[in-house]
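Please look over the structure shown here, together with its sequence, before reading the report on two of its local regions.

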Amino acid sequence: MVSIKYLMTICFTFSLQFYIMEVDALIDINEISSDSTKQITPCILKLCEKYFRSKKKTQGSLAIVNLTPDASPFQRNVLASLNEDERHELAVMVKDARKKHWNASHVTEKAKNYFMLIKDSSELAQTIKQLHALPTWNPLAQVVVYITEEMTSTDLEVQVRNILGELHTCGVLNVNIMSRMYKTNIIQVVTWFPYEGKNCADKIINIRTIDECEYVLDENPPKEMRGSMDEALNETSEEEENFSSNKAFKFVWKNYYKDWVKIPDTYNGCPLRISSGNWLPYTVYETDEGFTKGTEVFMVHTMTERMNMKPIYTLMNITKMNYFGSKDNALLFYSDILEGISDVMIGGLTENSISRKMLSSSIPYFQDDITFCVGKAPLAPNWTNVFAIFSFWIWLFNIFLLYVTGYILRAFSRRDTAETGNMVWALLQSLAVTLYNYGLYNPRRFYIRFYMFCLMIYGMHFYTAYSSFLITVLTRPRYEMQVSSLPTAVAEQYHFVGSENSLNYFSKDDAQSTYVRRMFTICPDIDVCLEHVKRDSQLGVAVSRQHARNSPLIDENDMFCFSHAHNIYSYSVSMLAKRDYHLLPKINDIIRTILESGLLYKWQKDSEVSKVYVADASENAEGGIVLSLSHVQGAFIVLGFGLILSAVSFAVEWIIFLTIQKNRPGATFLKRHIERMLCFD
């Protein structure tokens with residue numbers, strides 16, 4: 001009968017393990033022999049039921065039972081009791097902790113409860129080692145340990161402290177330890193409260209008894225209840241059935257510290273140790289006052305006030321913050337948490353493939369992106385201001401039109417018997433009308449006057465457009481072409497700096513990524529490198545967009561950051577914490593409340609660096625631009641060029657004149673050719 005039930009139990013266990021993976025509980029069965037096991041097991045199950053339902057009902061829990069080949073009746077009784085409960089709230093997996101666990105990578109759900117039966121604290125290490133290797137490992141779960149060996153109170157306290165200390169080293173705080181009181185059938189449960197008194201979950205001080213349970217014979221049970229309690233017992237043999245067939249049992253229950261909770265909502269002013277660099281706008285460090293501003297600093301202050309904790313900040317070396325992308329440098333960046341100096345890290349951080357293996361993170365609460373920032377395009381030369389009003393093709397068309405209208409005017413004037421003119425005169429007349437100036441000409445024919453009227457209308461529109469745009473061009477700075485994307489920067493042969501984590505995103509084998517990797521240098525201080533773009537016109541800095549806008553060393557107007565369409569990557573900002581930090585669920589709850597209230601966006605505005613506008617020297621008291629020589633130097637350059645050209649023309653004319661006067665050979669031919677070229681009549 002026993003062997004059949006045992007086989008059925010194993011089959012039932014493995015049929016459920018692939019469907020129910022919410023909770024892991026481990027029972028390490030040791031050798032124990034007692035005539036009163038039937039009076040111990042009900043209390044064990046009753047207490048497990050209480051602790052496994054401490055906050056919310058857990059359904060479909062999986063119990064991993066380590067069953068040794070020489071299983072005692074007590075082992076079998078506990079196994080059968082767990083598996084054959086009428087409510088079937090626990091599924092049982094038979095397993096031996098001494099054997100290596102098979103590949104369980106398909107399991108993603110974290111355990112909610114653990115149940116261990118061990119002889120003493122020396123057997124705990126092997127059990128924890130196996131559980132820690134499982135993907136369901138969760139140090140935040142409820143842990144119930146049963147010490148199977150009966151001990152005196154002094155020895156028991158030593159074992160309890162050893163067990164609590166070893167579990168505390170693994171980050172497990174929610175622990176209840178069951179044991180059998182010396183020479184009785186009473187099951188007592190002891191524990192410790194991590195935040196009792198002034199304790200801050202850093203050391204085990206007081207051990208408290210929270211429950212006592214005894215399953216005893218009820219000598220005067222009610223008639224309707226007679227025999228009902230023994231049905232709850234798990235029957236494994238005919239002798240055990242005779243043991244309880246005509247007897248009624250009851251639970252004698254004592255509960256202490258009923259209102260106490262292991263992880264409370266407030267924490268006695270305990271310190272929350274935080275590491276961060278000076279990374280605006282998330283954290284702002286001031287030499288005299290420390291961390292007082294910043295989006296995440298405000299969030300931490302609100303968080304610690306609600307949790308009754310005291311924030312203690314550690315300023316990280318800025319060099320650490322730029323060497324965390326590779327596995328070799330991971331320990332350097334995360335050393336404050338890994339070495340126990342800090343509990344959490346802030347400063348515009350995000351998870352990566354390395355941090356997920358070593359740390360835990362809060363829920364994300366902000367969105368940022370890494371992009372390249374380059375120097376602002378330099379100002380265009382001022383001497384071209386007078387020409388920048390129209391494009392090159394508009395100027396070319398106007399010059400062409402000037403010659404066409406001049407040629408038409410000359411053709412008309414030659415038919416006017418009153419007055420004739422050469423081509424130079426016609427061009428000057430056409431230019432004067434185009435610039436809306438006066439030109440002396442009094443044609444007699446009607447069609448010439450009508451033509452001049454149409455030419456004057458054209459000149460009025462041209463002059464009005466030119467004058468209107470002239471003020472705008474002269475008073476508004478003009479820039480050369482701005483490098484606004486990575487392909488353009490690569491074409492211009494830029495070199496790049498940034499953090500190691502940014503470089504990891506250029507791992508492709510295409511030409512662009514290869515060029516960036518070759519020209520990329522790790523920057524020890526992003527702010528200093530960002531300030532260099534003002535002097536280096538071919539430098540691109542990979543930096544957080546939010547930090548670039550609030551950098552203390554460079555104004556936003558002195559650089560240009562690529563648009564969102566040309567980001568290197570976007571990421572969610574979150575808080576990094578030590579692995580399976582027990583306060584992380586509470587921190588996440590507060591972050592959700594902050595996000596729902598909209599406080600984060602208010603803090604963001606409060607944390608942005610105020611940009612003080614410095615008036616340019618060319619501005620007057622009313623904010624207008626006072627034009628200087630540099631604004632109109634193009635006109636003087638044209639004037640100077642015209643004067644030089646006129647002087648050269650004058651000199652050439654004198655040379656030609658003197659040549660003709662001396663009647664040198666070819667002088668008559670030269671004179672006639674020049675006159676024909678200049679269209680003299």
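The model is a predicted one. Within it, Lys-262 sits in the loop that runs between β9 (249-255) and β10 (270-276). This lysine is buried and yet forms no salt bridge, since its nearest side chain of opposite charge, that of Asp-211, is 9.1 Å away, whereas a salt bridge calls for a distance within 4 Å.

| Partner of the Lys-262 side chain | Distance |
|---|---|
| Side chain of Asn-176 | 2.7 Å |

Leaving aside residues up to four places away in sequence, Lys-262 touches Asn-174, Val-175 and Asn-176, and also Thr-191, Trp-192, Phe-193, Pro-194 and Tyr-195.

The helix is α18, which covers residues 584-597, 14 residues in all, and spans 20 Å from its first C-alpha to its last, close to the 20 Å expected at 1.5 Å a residue. Its buried residues include Leu-584, Ile-587, Asn-588, Ile-590, Ile-591 and Ile-594. Viewed down the axis of α18, the buried residues fall within an arc of 165 degrees, and they therefore line one face of the helix. After α18 comes Gly-598, which has a positive phi, near 80 degrees.

Terms used. Residues are numbered from 1 along each chain as its sequence is written. This is a predicted model: local features need pLDDT of at least 70, side-chain atom pairs count only at pLDDT 80 or more; totals for chains, interfaces and linings use all residues. Side-chain values use heavy atoms; hydrogens and water are left out. Helices (H or I, at least four residues) and strands (E, at least two) are DSSP runs, numbered from the N terminus. The expected span of a helix is 1.5 Å times one less than its number of residues. Buried means under 20% relative accessible area, exposed over 50%, partly exposed in between (1.4 Å probe, protein chains only). The arc is that of the directions from the helix axis to the C-beta atoms. Lys and Arg count as positive and Asp and Glu as negative; His and the chain ends are not counted. A polar contact is a pair of N or O atoms within 3.5 Å; within protein, one must be able to donate a hydrogen and the other to accept it, and residues adjacent in sequence count only if both atoms are side-chain atoms. Contact means heavy atoms within 4.5 Å.
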